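Hi,

Here is the structure I promised to pass on.

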Amino acid sequence: MALTGVQHANEEENLTFNLHRERGLSYSYLYLFQEFWCPGAAIQGLINFQKHFQAKDSDVIVASFPKTGTTWLIALSFAIVNRQHFSIENHPLLTSNPHKLVRSLEFKIFCDDVHDPILHLSKMTEPRHFSTHTPLTSLPMSIIESSCRIIYICRNPFDTFVSAWTYFNKIRPRFLALEEAFEMYCNGISSFGPWWSHMLGYWKESIARPNKVLFLKYEDLKEDVNFHVKSIAEFLGCPFTKEEESDGMIESIMKLCSFEKMKALEVNMYEKLDTVIDNKFFFRKAEIGDWVNYFSPSMIQKLSKIIEEKLSGSGLSFKMHS
Ligand code: A3P
């Protein structure tokens with residue numbers, strides 16, 4: 001049974017009673033849970049997800065740190081995986097927001113969205129397709145142990161911060177000043193943060209198990225969408241045939257999922273994902289390097305130093321400008 005708003009608030013209060021909480025770069029309190037900063041609204045869903053989710057080998061999981069290109073990647077992977085089922089002219093992505101087609105495991109499926117998640121999951125056609133912001137170390141063991149695939153996307157930490165700050169200010173009850181939000185972000189206190197542990201967890205797994213985790217960067221995707229659409233299809237075990245390539249299937253998918261196309265769709269301009277989030281909040285500028293319009297020299301210095309400290313030696317680096 002779905003919980004009412006009051007029941008949900010009570011559940012959240014019980015669950016979070018003993019957890020350390022902070023105000024962070026998010027829409028509500030963040031709780032230190034299993035060594036990351038979990039939004040209060042996701043804790044119950046996350047626990048249910050960890051307890052009850054049984055991965056299947058054919059599952060496709062899109063994982064990401066918030067505001068790094070999740071919407072784009074779920075649209076692309078959905079279009080790639082389901083290309084035999086839908087024509088481009090009549091595609092569900094033209095009438096549904098990508099987050100409605102590929103549901104979040106901790107926020108939607110195992111939260112108050114679905115009456116009976118286990119039944120819902122058992123009825124889904126394969127390959128099942130999900131999204132998650134959960135850090136790798138907190139994923140259910142069945143995801144790690146099964147042969148299901150994870151596609152992870154991340155983005156340069158400068159643009160990620162600006163995207164998150166503008167986004168959360170659209171859904172927060174109280175406006176968060178840029179400087180205050182920046183301090184939180186630099187301290188790692190943002191939804192599902194710290195951002196460096198999140199990305200390093202998936203980065204290391206992608207190196208150790210390249211057939212399990214495909215690690216993508218927003219900037220690389222923007223630079224060569226065609227190449228990445230092909231590599232996502234190969235990684236997911238459904239490579240494009242020569243015929244599909246010559247018929248322009250890759251270009252059609254790229255166009256269908258492009259920022260300009262998706263942002264202008266009625267569903268994404270006027271409809272809502274839930275009571276708090278308008279679909280249009282997922283589509284802002286989609287630029288690489290927009291951070292230059294927000295960062296002061298001291299902010300640049302501070303974040304560059306953190307990136308250097310946290311990522312040095314990992315081999316992970318980012319393109320900051322287009
Ligand atoms: P900006 O805020 O910089 O514009 P997420 O999907 O993880 O919430 O990330 C949101 C960011 O991805 C936003 O960045 C948004 O504009 C951008 N985005 C959304 N859809 C996109 C698409 N189809 N192509 C490229 N970028 C997209």
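Phe175 counts as exposed, at 54% relative accessibility; here exposed means over 50% relative accessible area, buried under 20%, and partly exposed in between, with a 1.4 Å probe and protein chains only. For ring pairs, the rings of Phe, Tyr and Trp (its six-membered ring) must have centres within 6.5 Å; planes under 30 degrees apart are stacked, over 60 edge-to-face, and the rest tilted. Trp165 belongs to helix H8 (residues 157-171) and Phe175 to the loop between H8 and helix H9 (178-186), so the pair ties together parts that are ten residues apart in sequence. Helices (H or I, at least four residues) and strands (E, at least two) are DSSP runs, numbered from the N terminus.

A word on how to read all this: the model is predicted, so I kept to local features with pLDDT of at least 70 and to side-chain atom pairs at pLDDT 80 or more, while totals for chains, interfaces and linings use all residues. Residues are numbered from 1 along each chain as its sequence is written, and side-chain values use heavy atoms, with hydrogens and water left out.

Back to the rings. The whole structure holds 27 aromatic pairs. Another one of them joins Phe33 and Phe36, with centres 6.3 Å apart and planes at 80°, so it is edge-to-face. Both Phe33 and Phe36 are buried. There is also a cluster, in which ring pairs link Phe158, Phe161, Phe182, Tyr185, Trp195, Trp196, Trp291 and Phe295.

What does Phe161 touch, leaving aside neighbours within four places in sequence? Phe161 is in contact (heavy atoms within 4.5 Å) with Leu25, Leu178, Ala181, Phe182, Tyr185, Phe295 and Met299.

Several of these names lead on to H9. Its buried residues are Leu178, Ala181, Phe182, Met184, Tyr185 and Cys186. The cover over them includes strand S1 (21-23), H8, helix H10 (195-208) and helix H17 (297-311). Just after H9, Gly188 takes a positive phi of about 85°.

Tyr167 is also in helix H8, and at 8% relative accessibility Tyr167 counts as buried. Setting aside neighbours within four places in sequence, Tyr167 is in contact with Lys67, Ile277, Phe281 and Phe282.

Some backbone details deserve a look. Most residues other than glycine have a negative phi, and most peptide bonds are trans. Phe192 is not a glycine, yet has a positive phi of about 65°. Phe192 sits in the loop between H9 and H10 and is buried, with a relative accessible area of 2%. Pro194 lies in that loop between H9 and H10 as well, and the peptide bond joining Gly193 and Pro194 is cis, with omega about 0°. A cis bond also runs from Glu126 to Pro127, with omega near 0°; Pro127 is in the loop between helix H6 (117-123) and strand S6 (129-132). Ala286, again not a glycine, has a positive phi of about 55°. Ala286 is placed in the loop between helix H16 (266-270) and H17, and counts as buried at 16% relative accessibility.

Finally, the cavity search. The count comes to one cavity of 30 Å³ or more. On a 1 Å grid over the protein atoms alone, a cavity is a set of points where a 1.4 Å probe fits but cannot get out, and lining residues have an atom within 4 Å of a point. About 40 Å³ of space lies in the largest cavity, and its lining is Leu25, Phe65, Pro66, Ala164, Phe168, Tyr185, Ser190 and Ser191.

Best wishes

Terms used:
On a 1 Å grid over the protein atoms alone, a cavity is a set of points where a 1.4 Å probe fits but cannot get out, and a pocket is an open set with protein on both sides within 12 Å along at least five of seven lines; lining residues have an atom within 4 Å of a point. Grid points are joined across faces, edges and corners, and a volume is the space filled by probe spheres set on the points.
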